[in-house]
Amino acid sequence: MKICIVSLGIVPYYRHDQETLYGGAETQAAFVADALASSGLQVTLVVSSLTPEASLPHAAENAFSASDGVPGLRFWHPRLTGILKALQRAAADVYYQRNAGMVTGLTAMFCRRKGKVFVYGGGSDTDFSFRDVLIPGLRDKALYHLGLKLAHGIVVQNRSQEERCLRRVKKPVRIIPNGVNLPDGDDSQRKDLILWVGAIRRVKQPELFLELARRLPDMRFVLVGGPSGNEKNFAQEIMRAAESLPNLELPGHTSHDKLLQYLQRTVVLVNTSRFEGFPNAFLEAWSYGVPVVSTNDVDGLIEREQLGGICRDVEGMRALVSSLAADPQRSRETGDRARSVIAERFSASIIAGKYRNFFEELLNEHHARKTPHEPEQ
């Protein structure tokens, strides 16, 4: 079974590039690719803007370069044509793509035409709402939803996504959470930061984190993230407001390595988003033994396993953050539980097994039902 991971924006992740934007979808696409390869499967990537000096750990097909093409026409060429050609060159049995966008539809159409299996990986809870999905432009939104309808299977991260998905499309759906690798090395660095990680968008409610920093002036806060999509004006408002807070650092978008350096010094990770799928930041915080204080839970995991706490308002968040920061013993106990949960449920071997089983089921079913309209390629 040969797997193709379609992640156009993954190259900056592997280059440890903090100048070019990438996010949780790329981080998890890399995790899945690495995990499946470690399990013995052959993995190929379909990416964009792959330069000769970029060193990727897996074979990769470059679809297009972002700077190429004529504005207004570049969607058709080189992007659409380049994606389809790269998918063809990958010559995989199963194509897995995550992050809502037009490439979902293109990959699904290619797989239907060539007799391949296509699996979509959901990110945000909004992925399964035509109105709320975070895709600008009607054309790209329509292509994405066509991709959902044509998919052979869909991976979701939590029960809420499963329910939303099944209401919209009648497809095999499998809950497979994000995964993370436990870090090596000691945990001796001084912990003195309250951390927030994410794209600065309205749905993430970063203004609540700023208010938390105002209410705890003696603590050090770091907001990692920057503008995203068509919400640049909102991001600029948040960044201007942050400049007035002497106890808040705003490094902007950072490389994954830099984020991990912040986590090593973090006392509490704070999440203020209205919607989430299964945030990478939660898993990475727990892998470093960092409690999570959040406005929402993921299938009850935080409260059930006592991995931090859930707060409904800023004042509750202030009280809980203060309590955790002032009680090193409690934080250590939370950290020990968190690392155990990561090892038992979210490690590479566990997640790779779940993906492999789902892919094999879909591939076997697909071969059993193959029609003349979906020839073997």
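Predicted model: local features only at pLDDT ≥ 70, side-chain atom pairs only at ≥ 80, totals over all residues.
I will start with the cores. The largest nonpolar core holds 35 residues. Inside this core, the residues with the most contacts are Val46, Ile83, Tyr95, Tyr144 and Ile154. Several elements each give at least two residues to this core: β1 (2-6), α3 (75-90), α4 (102-114), β5 (117-121), α5 (138-150) and β6 (153-156). There is also a second, separate core, with 33 residues, including Tyr13, Leu36, Leu45 and Ala54.

Let us look at one residue from the largest core. What is tyrosine 144 in contact with, leaving aside its neighbours within four places in sequence? The list is Ala100, Gly101, Thr104, Gly105, Tyr120, Asp127, Phe128, Val133 and Ile135.

Next, please find isoleucine 10, which sits in the loop between β1 and α1 (11-14). Is isoleucine 10 buried or exposed? Its relative accessibility is 0%, so isoleucine 10 counts as buried. Not counting residues up to four places away in sequence, isoleucine 10 touches Glu26, Ala29, Ala30, Leu45 and Val47. Leu45, in that list, is also one of the residues of the second core. For a sense of distance, take isoleucine 10 and cysteine 165: they are 155 residues apart in sequence, and their C-alpha atoms are 25 Å apart in space.

Now the sheet. Strands of a sheet pair through backbone hydrogen bonds, either parallel or antiparallel. Here, 6 strands form an open sheet with parallel pairing, and the order across it is β10-β9-β8-β11-β12-β13. Which strands stand at the edges? They are β10 (248-252) and β13 (308-310); each has a single partner strand, so one side of each has no neighbour in the sheet. From one strand to the next, the twist averages 20 degrees.

Helix α9 (residues 256-264) lies across β8 (193-197), β9, β10 and β11 (266-271). Its direction is at about 145 degrees to β8.

Staying with the sheet, valine 293 lies in strand β12. With a relative accessible area of 0%, valine 293 is buried. Valine 293 and glycine 309 are 16 residues apart along the chain, yet their C-alpha atoms are separated by 4.9 Å. Beyond four places in sequence, the contacts of valine 293 include Val268, Leu269, Val270 and Asn271, and also Gly309, Cys311 and Met317. Leu320, Val321 and Leu324 are among its contacts too.

On to the aromatic rings. How many aromatic pairs does the structure hold? There are 11. One of them joins tyrosine 13 and tyrosine 14: the ring centres are 5.4 Å apart and the planes are at 75 degrees, so this pair is edge-to-face. Both partners are buried, tyrosine 13 with a relative accessible area of 16% and tyrosine 14 with 12%.

Another pair is tyrosine 96 with phenylalanine 359, where the centres are 5.9 Å apart and the planes are at 50 degrees, so the pair is tilted. This pair links distant parts of the chain, 263 residues apart. Tyrosine 96 is in strand β4 (residues 94-98), and phenylalanine 359 is in helix α14 (residues 348-369). Both residues are buried. Together with Tyr355, Tyr96 and Phe359 form one aromatic cluster.

The charged end of arginine 139 sits over the ring of phenylalanine 75, 3.7 Å from the ring centre. Likewise, the charged end of lysine 258 sits over the ring of tyrosine 262, with 5.1 Å to the centre.

Last, the backbone. The peptide bond from histidine 77 to proline 78 is cis, with omega near 15 degrees. Proline 78 lies in helix α3.

Where is aspartate 299 found? It is in the loop between β12 (292-294) and α11 (301-305). Phi of aspartate 299 is near 55 degrees, which is a positive value in a residue other than glycine. Aspartate 299 counts as partly exposed, because its relative accessibility is 27%. Glutamine 306, in the loop between α11 and β13, has a positive phi as well, near 55 degrees.

That is the end of the walk.

Terms used. Residues numbered from 1 in each chain as written. Heavy atoms only, no water. Core = buried A, V, L, I, M, F, W, Y, C linked by side-chain atoms within 4.5 Å. Buried < 20%, exposed > 50% of the residue type's maximum accessible area, 1.4 Å probe, protein only. Helix = DSSP H or I, 4+ residues; strand = E, 2+ residues; numbered from the N terminus. Contact = heavy atoms within 4.5 Å. Pairing = 2+ DSSP bridges. Axes fitted to C-alpha atoms, helices over the stretch in contact; angles between N-to-C directions. Phe/Tyr/Trp six-rings, centres within 6.5 Å; stacked < 30°, edge-to-face > 60°. Lys NZ or Arg CZ within 6 Å of the ring centre and 35° of its normal.
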